[in-house]
Amino acid sequence: MTHAMLKGSNVPLEATTVRAVLRWSPGQGVPDIDASALLLGPGGRVRSDEDFVFYNQPRHPSGTVWRLGKKRVAEGLTDTIQTDLSGVDPGVGRILLVASADGVAFDRVRSLRILLYDATAADGEALAHFDVKPETGAETALICGELYRRGEGWKFRALGEGYSNGLKGLATDFGISVDESEAAEEEAAAPAPLEVSRPLPPEQPSTVPSTVPVQPAYGYPQVGSPQPAYGYPPAVAVTAPVSAAPPDVRLPPQGPQFVR
């Protein structure tokens, strides 16, 4: 029997391996949806960036949480996360199941539903499903539900909590170090500010004979040129270097890269 869940409700899980399927209806203007998972330890945060399973890191190092990829089914499109609950590290107390829309708001997504299956069952009937509805419509990432420990077993809770700053903002909130290398490269590539040329000194009475050669500002000798009437000393142009090598900056270790 499939449990139709409301927001905040929960169901116990007897299955040892579960498959969480995100399903939505495609259409014109409907964004592509990505499924991801965050494994949370003590304090409700990831223990390291490896606890983030998403499109650029599709399998947890422990082998207990992984993405199965996208499929087209009769009801629409799907993306799936599978979890071996019996093998999850004891230090992990919750596993968030997330949907993200790559910068497009979820008010354009139709019929978003998360379905939970026993991955070892042959009948294919869902254990539970939850229709995920954004609260404002401006969300670009949603925590659809969570798997969490209760005593010696596991439960699933329907959530539907949204983030308007996308998968990056959501992941950062739970302790992921987002890769900032692209921003650092842009900053290094920005042109250096021009140096202001040195101002000319104040005028002085001329004491140099008019037949003395004058050195022009461009640096080419010119014999026999007359000295200016007010006796400016030879001007020297001071300009910024055309291209300066960037300093040797050591960037911090990179976090996950959100590049599709």
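Glu146 is buried, with a relative accessible area of 4% (buried means under 20% relative accessible area, exposed over 50%, and partly exposed in between, with a 1.4 Å probe and protein chains only). This is a predicted model, in which local features need pLDDT of at least 70 and side-chain atom pairs count only at pLDDT 80 or more, whereas totals for chains, interfaces and linings use all residues. Residues are numbered from 1 along each chain as its sequence is written, and side-chain values use heavy atoms, with hydrogens and water left out.

Glu146 lies in strand β11 (helices, H or I of at least four residues, and strands, E of at least two, are DSSP runs numbered from the N terminus). Its side chain makes a polar contact of 2.7 Å with the side chain of Arg94 and another, of 2.4 Å, with that of Arg157 (a polar contact is a pair of N or O atoms within 3.5 Å; within protein, one must be able to donate a hydrogen and the other to accept it, and residues adjacent in sequence count only if both atoms are side-chain atoms). Beyond four places in sequence, the residues in contact with Glu146 include Ile95, Leu96, Phe156 and Leu159 (contact means heavy atoms within 4.5 Å).

## Strand β3 and its partners

The C-alpha atoms of Glu146 and Ala20 are separated by 9.9 Å, although the two residues are 126 residues apart along the chain. Ala20 stands opposite Leu116 in β9, and β3 (residues 17-25) is joined to β9 (residues 110-118) by seven bridges in an antiparallel arrangement (two strands pair if DSSP finds at least two bridges between them).

Strand β3 also runs antiparallel to β7 (residues 76-84), with eight bridges between them, and here Arg23 stands opposite Thr78. Eight of the nine residues of β3 are buried.

## Arg67 in strand β6

Arg67, found in strand β6 (residues 65-73), is buried with a relative accessible area of 16%. Its side chain makes a polar contact of 2.4 Å with the side chain of Asp79, and among its other contacts beyond four places in sequence are Asp34, Phe54, Tyr55 and Ile81.

## Helix α1

The buried residues of helix α1 (residues 166-173) are Gly166, Leu167, Gly169, Leu170 and Ala171, and they pack against β4, β5, β8, β11 and β12.

## Confidence

The mean pLDDT of the protein chain is 81, and 70% of its residues reach 70 or more (pLDDT is the predictor's confidence in each residue, from 0 to 100). Over residues 182-187 the pLDDT is below 50, and this stretch has two contacts in the model beyond near neighbours in sequence. Where pLDDT is low, the predicted coordinates should not be read in detail.
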